[in-house]
Amino acid sequence: MSFGQLFRTKSLDALVGETEGEGRQLKRVLGPWNLIALGIGAVIGAGIFATIGTAAGGQTTAPFRPGAGPGLMLSFVITAVVCGFTALCYAEFASMVPVSGSAYTYSYGTLGELVAWIIGWDLIIEYAIGNVAVAISWANYFNTLIGTFGIYLPKWLAIDYQTGHVMPEVVAVAPKIFGFPIIVNIFALAIVALITMVLVWGIKASARLNIFMVGLKLLVLAFFVIVCIPAVKVENWTPFAPNGWPGIATGAAIIFFAYIGFDAVSTTAEETRNPKRDMPIGIIGSLIVCTIIYVIVAAVFTGVIPFPELRRLLATEQGEPLTMAMQYAGQSNLSIRIVAFGSVVAHTAVLLVFQLGQPRIFFAMARDGLLPKGIAKVHPKYGTPHVATIITGLVVGVAAMFSSLEDMVNLTNIGTLFAFMLVCIGIIILRIKEPNRERTFRVPGPAWGIPLIGALTCVGLAYYLERSSWTRFGAWLALGLVFYFVYGFWNSRLRHPRPADVPPTPPTFKE
């Protein structure tokens with residue numbers, strides 16, 4: 001094994017050509033509005049419904065973290081700008097390489113196989129592990145919602161093992177096998193199983209369901225804004241930044257979780273009717289729409305609850321942020337229930353899009369030989385990567401039953417920022433290596449402009465994350481390298497090419 005073999009790249013024509021092999025074609029059924037809806041479905045979810053409170057108020061206990069206060073509005077804009085630089089790079093890549101795999105595939109064509117593996121392994125943090133966190137959060141809010149109707153599950157069926165096993169009242173009533181208490185989050189498993197079945201059924205059905213949920217949660221957010229506007233007080237926006245720049249920057253790093261997902265649009269490139277035109281529209285369009293919505297919601301939220309009171313309320317853990325604001329504004333139980341229902345729908349939409357994205361990463365890696373080839377099978381009737389989808393569902397569902405929310409969230413932000421940084425660097429490299437390649441969408445300016453700024457801003461945002469996140473991320477990457485050198489390197493199709501893998505001429509995409 002030579003050092004150079006670790007950084008072999010695939011030509012972009014080969015990456016596109018491999019999608020045309022028999023039994024490896026996904027159905028092209030998505031248009032630009034489907035893609036924008038998928039992006040909104042992934043972005044507007046757990047972040048805006050869950051992180052807005054802690055980002056604005058900060059954390060008063062160790063580890064101390066300054067809150068952004070009303071400056072959260074600026075935090076959302078800063079995060080959107082950072083994501084926007086990356087979104088432009090994603091759009092250029094997706095228009096040139098309309099292939100499943102997102103940043104993994106782009107890295108394979110520019111930075112080499114080892115980096116591509118690292119990115120693919122890293123994206124598991126964003127999609128699969130991130131979705132475990134969303135599934136746990138969904139179950140929590142669903143329990144709260146059905147509780148308003150007087151329906152309660154036994155605690156040992158409604159909480160994860162890590163949390164429940166240190167609660168004597170839960171351990172005492174839980175059934176036991178060989179002395180070990182059975183404590184599982186059954187709702188987290190149930191929602192993942194349901195979403196997995198929908199995704200196996202077909203991408204078009206999944207996209208339609210997503211559009212319905214996107215419309216519903218946008219209506220709920222509009223409802224929150226409308227009913228809370230009368231309670232907004234301008235004086236609550238003063239001081240605008242009670243903790244100065246550190247508070248705003250730290251808030252931007254925390255709410256980055258709210259933006260994770262716009263890149264999930266790029267994982268559906270092979271299922272898009274006209275990817276060279278529609279991919280940039282879907283990626284950038286969804287980011288713009290979500291930013292506008294976020295700033296409006298943040299303005300209302302911080303205008304309703306003054307900063308000192310927000311910190312006090314967060315210290316007593318009184319509900320999720322938006323329902324907390326409605327309670328503070330004296331809204332009726334019915335109004336609060338509507339927003340709680342919207343939170344459940346929002347989480348469901350995020351689950352759908354992330355569960356859609358992760359199998360397509362696995363699918364692309366298996367097609368390249370870095371994972372077992374059986375994962376790259378396409379369902380003969382539904383045209384979906386059903387094996388990868390089912391494996392993802394099993395992993396996420398089982399992990400969500402037993403894992404705690406905090407453990408799953410810790411890895412997500414830094415892993416995604418790392419992936420975004422490498423996408424930006426990939427654009428710079430590709431501009432140098434293949435300057436004359438057709439680009440139906442091009443990042444404005446020179447190669448050392450926006451892509452370089454995008455990479456540096458990702459690093460800058462990661463700086464404001466907790467140091468423990470860096471440690472966990474390093475351990476995760478080390479585990480991934482073990483997998484690569486034990487299996488991926490020796491089975492790579494780039495190492496053992498087969499003539500059938502690449503058709504003689506590049507394919508043309510059907511409109």
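Reader: Is G112 buried or exposed?
Author: G112 is buried: its relative accessible area is 0%, and the cut-off for buried is under 20%. Keep in mind that this is a predicted model.

Reader: Where does G112 lie?
Author: In the loop between helix 5 (103-110) and helix 6 (113-147).

Reader: And which residues does G112 touch, leaving out those up to four places away in sequence?
Author: L6, F7, R8, T9 and S107.

Reader: Changing topic. Where is T79 found?
Author: T79 is in helix 4, which covers residues 72-96.

Reader: Buried or exposed, that T79?
Author: T79 counts as buried because its relative accessibility is 0%.

Reader: What does T79 touch, again without residues up to four places away?
Author: T79 has contacts with A252, I255, F256 and Y259.

Reader: Now V81. Which helix is that in?
Author: V81 also has its place in helix 4.

Reader: Why does V81 count as partly exposed?
Author: Its relative accessibility is 40%, and partly exposed lies between the 20% limit for buried and the 50% limit for exposed.

Reader: Which residues form the nonpolar patch on the surface with V81?
Author: L74, V77 and F240 form that patch together with V81.

Reader: How much accessible area do they have together?
Author: About 290 Å² for L74, V77, V81 and F240 together.

Note on methods:
Residues are numbered from 1 along each chain as its sequence is written. This is a predicted model: local features need pLDDT of at least 70, side-chain atom pairs count only at pLDDT 80 or more; totals for chains, interfaces and linings use all residues. Side-chain values use heavy atoms; hydrogens and water are left out. Patches are made of residues with over 30% relative accessible area and no salt bridge: like charges are joined within 9 Å, nonpolar side chains (Val, Leu, Ile, Met, Phe, Trp, Tyr) within 5 Å. Accessible areas come from the Shrake-Rupley method with a 1.4 Å probe; for residues, only the protein chains shown count as cover. A salt bridge is a side-chain nitrogen of Lys or Arg within 4 Å of a carboxyl oxygen of Asp or Glu. Helices (H or I, at least four residues) and strands (E, at least two) are DSSP runs, numbered from the N terminus. Buried means under 20% relative accessible area, exposed over 50%, partly exposed in between (1.4 Å probe, protein chains only). Contact means heavy atoms within 4.5 Å.
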